[in-house]
Amino acid sequence: KETWFEGLPQLLEGLSAVVKKRQVLPELLTAQRFPGQEAAHLLPSILKIGVTLKEEEFREKVAPLVVKLFASPDRAVRFRLLTSLGDMIEFLDDAMLNDKIFPECVNGFTDSNAPIREATVKSMIFFVSRLKPKIVESRVLKLLIKMMQDPEASIRTNALICVGRVSTQLPKASITPTLMTVIGMGLKDPFSPCRCAALQTLSATSNSFSAEDLAGKLLPGVCHRLIDPDPAVGDMAFTTLGKLQEIVRQKVIERRQASTEVSTEMPKVQEETSSWAQGGSFYNPLSAGMDFGFKVRQKFMGVAGSMNQGSAPSPSPGALVSEASVDSGGAAPCAPNPPGPPKTGMRLESSSAKGKDTKAAGSGSALDLGMDLDEPGGGWADDDICGADLGNKALDAPVVQDASDFGDDFFNEFDTQPSEAVPTPKAAPAPSRPA
């Protein structure tokens, strides 16, 4: 009888779909209700007919039986269900899988029977895509990692292969840690097919790792397998090493290109900074505005007038301006400077030295600052003074400087305000003595 049930699935291939659906399936569902070993032998035929049904018919007639059989303590029935899960998983809804079938199936990880544990590990390939991410992360991954320590070498190898096949369906936060854990354990496994499976899994999932993980954590383990005692493992290690080198090189090139694109924006900022520095951002009185230049001219003329007040200085030929041009109301033209020896520019000397030079010069020279008005950049140009609006005042008229203006530190070589020159009274003529 058991032999006949074992050969029934092949006999069903010669029957029409109507006969299988209306005559054979109802009899099989009735037979599996009786206790005994017939349920395990009948299940393959029931599932073979059930997968040809429509989704609604399967959920109505076959799905309740599947849920009931997963809760059965009979290992033969559970083994049949686990090995046939790939054929009927698409006919089961997610709620039934998460709430009724998986809680019963997960007990197979701790079963004392090795074939049940191995079939449970293999069934996770079909469960992971239909389970909730929380269940996968909290239960399935931990159980698969635990199976890497199973005493059966085939179970360790299948657990490693299962993690590699479901890696694309795992939560993103769990892909890299889980793969690195199982691959690292597989590369050190004493079972050579397990080591070879670890290399194959690493080669297939290499894009899931960063360049740092590949170069610093995984490539050293691959290099150890280059001298593996098993030639098949060594050949796979050389193949995997070459592929990982190309992947790491590509990741490094992409990173350098990304950093180059970011660095191209830096010269623009540096160019703006250099132009700001080269454009005279430091204080330069010669490039100041007209308001500042006008204040400097006032101070210069005030100081010169106060120092030369009381004496009748002879104006230099370069400072002479025709009275006709001034009286006419127009701007006073500037006379050319007399030829003379070239000067070296402004010389700021101490007040004591300046006093000595002033006394030595006497009334024949104005304030001597050592400026060369003709040399470019050596001082103020002639038109800065002569082009000012002087009105109807003569250029040789003294300008009284306000004492409050000397608080400015620009001309700090003048420690005190020069006192006004007091005219010396002429001496009375001596009386003539009679002869």
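Is Asp 213 buried or exposed? Select it and see: Asp 213 is buried, with a relative accessible area of 14%, where buried means under 20%, exposed over 50% and partly exposed in between, using a 1.4 Å probe and protein chains only.

Before moving on, note that this is a predicted model, in which local features need pLDDT of at least 70, side-chain atom pairs count only at pLDDT 80 or more, and totals for chains, interfaces and linings use all residues. Residues are numbered from 1 along each chain as its sequence is written, and side-chain values use heavy atoms, leaving out hydrogens and water.

Asp 213 sits in helix α15; helices here are DSSP runs of H or I with at least four residues, numbered from the N terminus. Beyond its neighbours within four places in sequence, Asp 213 is in contact (heavy atoms within 4.5 Å) with Thr 176, Met 180 and Leu 218.

Next, select residues 172-187, helix α13. Its buried residues include Met 180 and Ile 183, and they pack against α11 (133-147), α12 (153-165), α14 (192-204) and α15 (211-224).

Now colour the largest nonpolar core, which has 80 residues. Such a core is a set of buried Ala, Val, Leu, Ile, Met, Phe, Trp, Tyr and Cys residues joined through side-chain atoms within 4.5 Å. Ile 183 is among those with the most contacts inside it, along with Phe 70, Met 124 and Phe 127. Helix α11 gives the largest share, seven residues.

Last stop: Cys 196, buried at 16% relative accessibility. The whole structure has zero disulfides (pairs of cysteine sulfur atoms within 2.5 Å), and the nearest cysteine sulfur to Cys 196, that of Cys 194, is 10.0 Å away.

Methods. Helix = DSSP H or I, 4+ residues; strand = E, 2+ residues; numbered from the N terminus. Expected span 1.5 Å × (residues − 1).
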